[in-house]
Amino acid sequence: MSTYRRPPVVVALPAYNEVARGRARVAQTRPVDRPVVAPNNRSNDTAAITGRAATEVWHRPHPTPHRQGRHRRPARERQRGAGRRDAGHSMRRNAAAARGSATVPGRLIVLVPAHNEAQGISEAVTALLRQTYQPTQVVVIADNCRDETARLAAQAGARVFTTYENRHKKAGALNQALAQLLPRLASDDFVMVVDADSVLDPHFLTHAVAKLSADRRLGAVGGVFRGSSGSGFVGHLQRNEYMRYARDLARLNGKCLVVTGTAAVFRAGTLKEISAARLSGKLPTGDGVGGVYDTTVLTEDNEMTFALRHLGYTVLSPKECSLVTEVMGTWGDLWRQRLRWKRGAVENCFQYGLTRVTWRYWGRQLMTLLGVLVTFAYLGSLVYTVVAYGGIHIQPFWLAISSIFVVERVVTVRYRGWKYMLASATMYELVLDLFLQFVHAKAYADAILRRERNW
């Protein structure tokens, strides 16, 4: 076996890493040595970001002149790479044949925005590279990382794109990468965005690409997520909550209100259409320069769903597109996460106004607000009854109503097993319900009073 080994590399898109304002890090660069033929034979840029315009950054103490001539890998290593590409092409042909179509699906590029995700990035990349439908390339977007995220991602087999002076978190990081990627992709290519703390099940991409290829008006396919293990009681409550959400989606055949930000697949042409619509004023302008994701909002996935629906697309989260995502480890982390989710959803409604698309979302927010008011009225009545009458007297009617809620809790968690069903009958999960009602109340108050937003 050859002992030749290439050093770890970080692939940088040139606009932000080599030439941006003359402040790029000192590094020796050279052209990518071997452009790879794409599965559909449409281009010789592997993922549209590793072609001739892209560079590999070799981190050395001092820059040294690059020797002339084209550097080639050993023959045995080149043969292994060609075999992997042929296998990927074969998977795409098989996927097309399974749908009764002779058309080979386009290239699929996976973008993984990551900020200090060294703990889980290797597992996330490995799961992507083991998909039954092989992505053309996995790109980890290292955004203001101060840990080993970039090195570990490259070691796991991903390309790494480093953001440049990004101040807009996940949405800004994605916009920087997409600005370089989309011009090099054809409209029928695919782009996946997946969180760095999410691990896809093996058949996710196979089903997502099949759904998108079968319906041109389908704008995005999102994931159905389960909660990761650990984090004690608060983690357990989130896993039950996610299981109920997955059950609801399965009953609705994947119809969803929001394409989750944990994992979603789009056509490249759809993302280009969103960018053009922001520039034309058909959609909210976002960053003002045609960025696909709106950097002014708290919940970019919810806003992206609004954008897709206003352009006439539908969205779907089929049960086959499953994954595991991280749960919040403490009540404080869960409070901040859900406060951002709820306030972001409310502000997205105000952002778009009352339209043929948003009226359902407005209705949902009004029902949630009503639920908050009823909860506080109920708690107030309990306190009044105890103070005024020295105790609580249970009436048969209200006992019967309460039993309905008990049955609902038991039935909706049955996929987790009989032990969880028995535990749910005790209604201990009311702790999370009350917690979320307080989160919702805070979110509505913050949005109405326009308090400073924090993420």
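**Entry 1: salt bridges**

I began with Arg151 and Glu148, whose side chains meet in a salt bridge with an N to O distance of 2.6 Å. I note that the model is a predicted one. Arg151 is partly exposed, at a relative accessible area of 40%, and Glu148 is also listed as partly exposed, at 39%.

I then looked up the pair Glu241 and Arg338, which form a salt bridge with the closest N and O atoms 2.8 Å apart. This pair links distant parts of the chain, as Glu241 lies in helix H7 (residues 232-251) and Arg338 in helix H10 (residues 331-352), 97 residues apart. I checked the cover of each partner in turn. Glu241 has a relative accessible area of 22% and is partly exposed. Arg338 has 7% and counts as buried, because buried means under 20%.

Helix H10 also holds Arg336 and Asp333, 3 residues apart and therefore separated by about one helical turn. Their side chains meet in a salt bridge of 2.7 Å, N to O. Arg336 counts as exposed at 53% relative accessibility, whereas Asp333 counts as partly exposed at 31%. For the whole model I noted a count of 12 salt bridges.

I next asked how many cavities of 30 Å³ or more the model holds. The count is 1, and about 90 Å³ of space lies in the largest cavity.

I went through the residues lining the largest cavity; among them are Leu174, Val193, Val259, Phe266, Tyr293 and Met304. By class, I noted 7 nonpolar, 2 polar and 3 charged residues in the lining.

Which elements give two or more residues to the lining of the largest cavity? I found helix H5 (169-181), strand S11 (263-267) and helix H9 (300-310). Helix H9 gives the most, with 3 residues.

**Entry 2: nonpolar surface**

Last, I looked up a nonpolar surface patch of about 410 Å², made by Val386, Ile392, Ile394 and Leu399. I placed Val386 in helix H11 (residues 359-389). With a relative accessible area of 41%, Val386 is partly exposed.

Methods. Residues numbered from 1 in each chain as written. Predicted model: local features only at pLDDT ≥ 70, side-chain atom pairs only at ≥ 80, totals over all residues. Heavy atoms only, no water. 1 Å grid on protein atoms, 1.4 Å probe; cavity = no way out; pocket = protein on both sides within 12 Å on 5 of 7 lines; lining within 4 Å. Points joined across faces, edges and corners; volume = space filled by probe spheres on them. Helix = DSSP H or I, 4+ residues; strand = E, 2+ residues; numbered from the N terminus. Nonpolar A, V, L, I, M, F, W, Y, C, P; charged D, E, K, R; others polar. Patch = residues over 30% accessible without salt bridge, like charges linked within 9 Å, V, L, I, M, F, W, Y side chains within 5 Å. Areas by Shrake-Rupley, 256 points an atom, 1.4 Å probe, with all protein chains shown as cover. Salt bridge = Lys/Arg side-chain N within 4 Å of Asp/Glu carboxyl O. Buried < 20%, exposed > 50% of the residue type's maximum accessible area, 1.4 Å probe, protein only.
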